[in-house]
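Please look at the sequence and the structure before reading on.

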Amino acid sequence: MEVSSTLAVLMEAERLRAEGVDLIDLGAGEPDFHTPQNVKAAAEDAIENNFTRYTATSGIAPLRKAITEMMSRDFGANYDPSEVLVTMGGKQAIFNAMATLLNPGDDVLIPSPYWVTFPEITKFLGAKPIYIDTEQNDFLLTPDLVSQAITPRTRLLIINSPNNPTGRIISPDNFHRMVEIAAARDVWIISDECYLYFAYPPAVPFTAGQLVEDLRSRVMICGSFSKTHAMPAWRPVTPASRRWEKKRSSWIVHSPQSWTAPTPAASSRSRASALRSTVRPLVPNAACTSSPTS
Ligand SMILES: Cc1ncc(COP(=O)(O)O)c(C=O)c1O
């Protein structure tokens with residue numbers, strides 16, 4: 001695996017800063033607002049009340065329920081808490097999903113430009129990244145581009161909308177069509193929705209959770225609190241899917257004692273609290289829909 005180029009930029013920026021250089025680091029995707037006060041307070045409260053022990057591998061029940069409430073309230077997408085798994089960050093959710101799906105020699109379709117982690121995980125698993133160049137289409141992934149790229153070796157398509165780094169958002173119709181095309185050719189889809197709430201009018205955010213049931217079961221949604229809730233160091237995420245259930249025990253591992261989370265159990269509780277109280281205000285001026293498109 002190559003060193004993460006995002007982290008390489010971060011380290012270079014730190015080095016230059018230490019030398020006194022005044023710079024703006026556009027490497028890591030971090031919001032320009034801080035972790036909200038209610039989230040911090042809930043973490044403090046959880047620690048104070050000794051909520052610091054092992055938790056369920058799939059995530060604590062109130063958090064999983066809060067995630068389903070968020071999907072239902074904001075997007076009209078109904079999930080059962082048993083379909084939601086909590087991992088230590090979007091990165092881990094994506095890694096686990098890909099590790100479950102891919103065999104050495106499989107092809108993975110990655111729209112380009114892309115978040116640098118996608119090809120690294122693909123190569124780590126012995127699969128092959130196949131890039132779909134979106135620049136030719138003003139950086140927008142389309143059903144035609146997907147259709148042309150699929151071959152008998154294609155196992156997985158990664159959709160990332162809103163996209164990092166382009167910010168482009170796939171319309172509900174195109175999203176629907178792409179999943180239809182992939183499903184018809186037995187290709188699985190990971191929908192990386194880490195930036196779901198960073199959609200600004202007239203664009204409307206769309207989650208794969210709004211797809212019709214048959215198509216939805218082809219898609220693994222990977223979400224994250226890192227950006228939407230300004231919690232990049234807290235390591236929470238919300239992968240959700242139907243019918244992936246049978247594979248689940250082998251692929252999503254929530255490890256409360258992971259070193260990446262300073263107070264993991266407590267932070268689980270504060271995430272639940274954050275979701276219950278507020279989501280949208282954390283991303284200023286973002287658009288949000290509450291009506292499903294299908
Ligand atoms: C497109 C995309 N997906 C997933 C992630 C992972 O986010 P995290 O592991 O912090 O939840 C990032 C982080 O920068 C990202 O840009």
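## Confidence in the model

pLDDT is the predictor's confidence in each residue, on a scale from 0 to 100. Two residues are in contact if their C-beta atoms, placed from the backbone, lie within 7 Å. Over residues 277-294 the pLDDT stays under 50, and the model has 45 contacts for this stretch beyond four places in sequence.

This is a predicted model. The average pLDDT of the chain is 81, and 80% of the residues score at least 70. Residues 241-264 have a pLDDT below 50; the model gives this stretch 51 contacts beyond near neighbours in sequence. Where pLDDT is low, the coordinates should not be read in detail.

## The chain as a whole

There are 11 helices and five strands in the chain. The chain has 294 residues, and 44% of them count as buried.

Contacts can also be sorted by how far apart the two residues are in sequence. Among contacts between residues at least 6 apart in sequence, 71% join residues at least 24 apart.

## The sheet

Five strands form an open sheet with parallel pairing, in the order E2-E1-E3-E4-E5. Strand E2 (128-133) and strand E5 (219-222) are the edge strands, each pairing on one side only. From one strand to the next the twist averages 25°.

Two of the pairings can be followed residue by residue. Strand E1 (residues 107-112) pairs in the parallel sense with strand E3 (residues 154-160) over three bridges. In this pairing, Val 108 stands opposite Leu 156 of E3. Strand E4 (residues 188-192) pairs with E5, also in the parallel sense, over four bridges. Here Ile 190 has Met 220 in E5 as its bridge partner.

Which residues of E5 lie on each of its two faces? Val 219 and Ile 221 are on one side, Met 220 and Cys 222 are on the other, and all four are buried, so that both faces of E5 are covered.

## Two residues compared

Phe 118 lies in helix H5 (residues 117-124). Is Phe 118 buried or exposed? Phe 118 is buried because it has 23 other C-beta atoms within 10 Å, and the cut-off for buried is 20 or more. Apart from neighbours within four places in sequence, Phe 118 is in contact with Ile 110, Pro 129 and Ile 158. Phe 118 and Ile 158 are 40 residues apart in sequence, yet their C-alpha atoms are 8.3 Å apart in space.

Ile 150 lies in the loop between helix H6 (143-149) and E3. Ile 150 has 19 C-beta neighbours inside 10 Å, and therefore counts as partly exposed; a residue needs 20 or more to be buried. Not counting residues up to four places away in sequence, Ile 150 touches Arg 185 and Val 187. Between the C-alpha atoms of Ile 150 and Arg 185 the separation is 8.0 Å, although the two residues are 35 apart along the chain.

## Around the ligand

Which residues come nearest to the ligand? They are Gly 89, Gly 90, Lys 91, Ser 224 and Ser 226, out of the 13 residues around the ligand. Sorted by class, the shell around the ligand has seven polar, four nonpolar and two charged residues.

Terms used. Residues numbered from 1 in each chain as written. Predicted model: local features only at pLDDT ≥ 70, side-chain atom pairs only at ≥ 80, totals over all residues. Pairing = 2+ DSSP bridges. Axes fitted to C-alpha atoms, helices over the stretch in contact; angles between N-to-C directions. Near = placed C-beta within 6 Å. Nonpolar A, V, L, I, M, F, W, Y, C, P; charged D, E, K, R; others polar. Buried ≥ 20, exposed ≤ 12 C-beta atoms within 10 Å, placed from the backbone.
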